[in-house]
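Dear colleague,

I am handing over the structure we spoke of, and I would be glad if you could look through it with the notes below at hand. Please open it first, and then read on.

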Amino acid sequence: SLIGGPVAAQAQQRPPLVLAAASLQESLTAAADAWAKQGHAKPTISFAASSALARQVEAGAPADLFVSADEDWMNELAKNNLIVAATRVTFLGNRLVVAAPAGSTVRIPVRPPAALARVLTAGPLAMADTAVPVGKYGQASLEALGVWAQVAPKVVRAENVRATLALVERGAAPLGIVYATDAKASAKVRIAGVFPERTHPAITYPIARLSASTNPEAEAFRRFLVSRAGKAIFVRYGFSAR
């Protein structure tokens, strides 16, 4: 037991590693800071597209928690027994918007389809890859609104929602489809239009502990995130609590 002692103590001090959807950058960092202020080791967070993170988990990445921007990638891990099913909670929601540079005056008309297509095809339209949740939601919306066929040729793809936002911030694309929270996080863009929620699947964020996790702090941090106090932090950044 003497040999086990110090090793066990070190294991407890190692902060949990969280793999999280790119759209959670500011909010989850703030939640990790709040958790650290309570005397815990500050969690290490790796942000990327949910699809890329899920593939990392499938490849054996040594992480503790996964927060996805859709249910599909969490389902994928569940199917392969890579998450602890009892720890899965859908705790946040978001809205899908069109971001434009802060100085632009463009307004996105949701109907008629011809008017919407005209605005969206005036220049390149930044969208995340279709494997990425925000890219999937965006395409679903444009299909439901009857303009995808016209808009598709104008789409410039980015690897995740933050890369999409960056294209609009830099002026590489006059418009981009992102989450409301991403647009809110940047002083360089404004929301030019909001997609009706009925035009795409509900945007939800599930969290779960990964089956491979051995970190005792991971479950405590997960419980904090889905608690009322945890959700309140995300709501400040524009998410809805579920």
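The model is a predicted one, and its average pLDDT is 95, with 95% of the residues scoring at least 70. The part to treat with caution is residues 1–12, where pLDDT stays under 50 and for which the model has three contacts beyond four places in sequence.

The next region is the loop between β10 (204–209) and α10 (216–226), which holds S213. Is S213 buried or exposed? With a relative accessible area of 14%, S213 counts as buried, because that value falls under the 20% cut-off. The side chain of S213 makes a polar contact of 2.7 Å with the side chain of D64, and a polar atom of that S213 side chain also lies 3.5 Å from the backbone nitrogen of N215. Once the neighbours within four places in sequence are set aside, the residues in contact with S213 are A63, D64 and A218.

The crossing of α2 past α10 is right-handed. On the α2 side the contact involves L28, A31, A32, A34 and W35, which meet E217, A220, F221, F224 and L225 of α10. By residue class, this contact between α2 and α10 is made up of nine nonpolar residues, no polar ones and one charged.

Helix α5 (residues 113–120) has as its buried residues A115, L116, A117, V119 and L120. Among the elements that cover these buried residues of α5 are β6 (125–128), α6 (133–144), α7 (148–151) and β8 (175–179).

Finally, E169 belongs to helix α8 (residues 161–169). E169 is partly exposed, because its relative accessible area of 30% lies between the 20% and 50% cut-offs. Leaving out the neighbours within four places in sequence, E169 is in contact with S186, K188 and V189.

Definitions and conventions: Residues are numbered from 1 along each chain as its sequence is written. This is a predicted model: local features need pLDDT of at least 70, side-chain atom pairs count only at pLDDT 80 or more; totals for chains, interfaces and linings use all residues. Side-chain values use heavy atoms; hydrogens and water are left out. pLDDT is the predictor's confidence in each residue, from 0 to 100. Contact means heavy atoms within 4.5 Å. Helices (H or I, at least four residues) and strands (E, at least two) are DSSP runs, numbered from the N terminus. Buried means under 20% relative accessible area, exposed over 50%, partly exposed in between (1.4 Å probe, protein chains only). A polar contact is a pair of N or O atoms within 3.5 Å; within protein, one must be able to donate a hydrogen and the other to accept it, and residues adjacent in sequence count only if both atoms are side-chain atoms. A crossing is left-handed if the near helix is turned anticlockwise from the far one by less than a right angle, and right-handed if clockwise. Ala, Val, Leu, Ile, Met, Phe, Trp, Tyr, Cys and Pro count as nonpolar, Asp, Glu, Lys and Arg as charged, and the others, Gly among them, as polar.
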